[in-house]
Amino acid sequence: MRAQPIHQISRKGLTVWRLYGVIQTLVLLVVAGLVSYGTYYFEWPTFIYFIAGAIVFLSAILSVFIFPKIRWERWRYEVREHEIEVQHGLFVVKRTLIPMVRVQHVDTTQGPILKKYDLGNISISTAATVHTIPALVMDEADVLRARISDLARVAEDDV
Amino acid sequence: MSKEINRLHPVSAIITSVKALKSMILPIVIIIISNGFNFSLNFRSEHFFETILLFGVWGVASLLALVGGIIKWRTFVYWFEDGELRVTYGLFVKKKRYIPFERIQSLNYNEGVFHRIFGLVKVQVETAGSKGGKPEVELTAIRKAAADVIELEMRHAKNEAVQQQVQAQVEEEAVATPMIYHMSMRDLLVLATTSGGIGVVLSGLAAVASQFSDIIPYETVFHELADFVKIGAFLVALTVMVVLIVAWIVSVVITLINYYDYTVRIEEEKLIITKGLLEKKRITLPLNRIQAIRIVENPLRQLTGFATVVVESAGGNGENGNDKKITLFPLIKKLDCMQTLEQLFPDMNWHPTLIRSPKRARPFFYRIDFFWLVPIIGASCYFFYPYGLLSLLLIPLTILLGIWQHKTAGYQIDGKQLAMQYRVFSRITLIMEKKRIQSIESTQSYFQKRKNVMSVKATVMSGATGTTGSVSSLEQKDAEKILTWYEH
């Protein structure tokens, strides 16, 4: 059994994900509202109310409470001297290894919600793939970005 | 270094405009057909205005295309200076592009029908940065001698050729370089027969037929068809045969046009592929740009012992422009294939002994399919009652396919190389060097975890998105072995 990567993402990340879930549920709520209005206005069958309601309810439960928790607990990363390892997933656990020599550039991005919580995403690009570590504390993300780019500078083989 | 300024051949003006016109033909045809051929030059007719508008727009567009072609030809200049290929073009906006010769990955030659009449060639200059499928520089049409000059200048700059030899080399080149692979007529026929081409042609025919549904009186045809069926199954079988044969012939012709005289040579660590009947193509591929090699055997070919070899290349574009997967051997006997590849890449192991997926992992290859299978079967049984039951046959088929996939899934680690074998329908063997792999990912679902199996994916660079090979449900410790191997 390989050991899990050691670092977890910030606890605030969980809050942000829950917030995303709330937003998603609100959007669904609006859609469900429109559909219900349509059902009322055009006299579509009544079961549509129940379906719309059930979808909103499920979304609220899953995307606000259950999924963020599982994802947060599963999310792990580790930046070692020669490689970066990340682990994530909801139902399926994915573990990715990216060697330092393959890293081409590192980005940090921050949207309005992440900014409010002082968090940032960090994206690691190779010649063919992009890997994102979400919701890191901004200072930590900056340090990590600097560290990865330092370590990656010792590249030798070309693509 | 000559500072002589070179121009394109005048024919390039025609070629450029014809190319622009060609892209306009389809919309025009669609408009004409959708209009139902209601055209009239009689100005009293209600269609007069439409006709004038259509032909007017078309006329103006073709005029523009022609002028554009001439402008491009008049303004396009290239020359060699300071070890660079320098190109400028453009009328209002002047564009200049300087490419150092060392940066040039390959020169690809392309001879269309027009080119061949005048003894010209289209040259595409490619560098590692030619992303999105566009070559850095495209010389639409120059004389073959001029193309040779470019190649000479390039070698000159790269110090790969001694000066005196240069002259002799040009003449000898075609003879001197060892040929690695050549497709015989028989190979072409087999390729045409076993490729999916026939299916494509058939569906193409169907698409054309459905497009003309307004014109062809299907109902009458159906009535006649009903009579026809009464005449006997024999005739029906005959018709089917004829359709199949026609499809086969079309497929052979297409294959012939594309792959005629398909030859692979090796020269100075570069693979040179030439092919084509009407349009001759020459693709150059530096060996050190090759990221991985994929051996594809579709079921029909696997049965007959043939395979297709595709190389994943980081730079240079393939035959279809934006895709960087270049077919190296369109069709080759599996045994010869391994020998030839061994000759090309002696450092790699071409006879991998694969470690297979464990037996307890077998259900994972078909179980997931029932998620979509069950609703489909349920629906079709319900809605198309008697015949819908036939969809139940999908269950054993899916399971068989799953078992087949399970049998194919395997990997091998040998020193610096990773080989993966898997199939959807065609068996794919992907062989790559460790230093070419961009990232490796393992995935494990809850159910896989319970059975202690794990899937592995490896991505190499190829084009913009890369190519991913994936083997499902290996023994967990095997999967972890791949990860650990990749780490160190």
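pLDDT is the predictor's confidence in each residue, from 0 to 100. The model open in the viewer is predicted, and the tour starts with that score.

**Confidence, chain B**

Colour chain B by pLDDT. The chain averages 81, and 81% of its residues score at least 70. Then select residues 161-175 of chain B, where pLDDT stays under 50. The model gives this stretch six contacts beyond four places in sequence. Move on to residues 316-322 of chain B, which also have a pLDDT below 50; here the model has 21 contacts beyond near neighbours in sequence. For the complex, the predictor reports an ipTM of 0.82 and a pTM of 0.76.

Residues 20-41 of chain A are 100% helix and 0% strand, with 31 Å between the end C-alpha atoms. Residues 47-67 of chain A are likewise 100% helix and 0% strand, and their end C-alpha atoms are 27 Å apart.

**Domains of chain A**

Colour chain A by domain: domain 1 covers 7-73 and domain 2 covers 79-152. Their C-alpha centres are separated by 28 Å. Show the residues where they meet: 10 from domain 1 of chain A are in contact with nine from domain 2 of chain A. On the domain 1 side, helix H1 (11-42) and helix H2 (47-74) of chain A each provide at least two residues. H1(A) gives the most, with five residues. By class, this side of domain 1 of chain A holds five nonpolar, three polar and two charged residues.

Next, select residues 72-148 of chain A, which the unreviewed UniProt entry lists as "domain: YdbS-like PH". This span is 25% helix and 49% strand, and its end C-alpha atoms lie 23 Å apart.

**Where chain A meets chain B**

Show both chains and select the contact between them, made by 18 residues of chain A and 20 residues of chain B. Which strand supplies the largest share of the chain A side? Strand E4 (residues 92-99) of chain A does, with seven residues. The chain A side as a whole comprises eight nonpolar, four polar and six charged residues.

Finish on E4(A) and strand E19 (residues 437-445) of chain B. The two run antiparallel and are joined by six bridges.

Notes. Residues are numbered from 1 along each chain as its sequence is written. Chains are lettered from A and ligands numbered from 1 in the order in which they are written. This is a predicted model: local features need pLDDT of at least 70, side-chain atom pairs count only at pLDDT 80 or more; totals for chains, interfaces and linings use all residues. Two residues are in contact if their C-beta atoms, placed from the backbone, lie within 7 Å. UniProt positions are given in the numbering used here, feature names are shortened, and annotations may be inferred rather than shown by experiment. Helices (H or I, at least four residues) and strands (E, at least two) are DSSP runs, numbered from the N terminus. Ala, Val, Leu, Ile, Met, Phe, Trp, Tyr, Cys and Pro count as nonpolar, Asp, Glu, Lys and Arg as charged, and the others, Gly among them, as polar. Two strands pair if DSSP finds at least two bridges between them. Domain bounds come from an automatic or database domain assignment.
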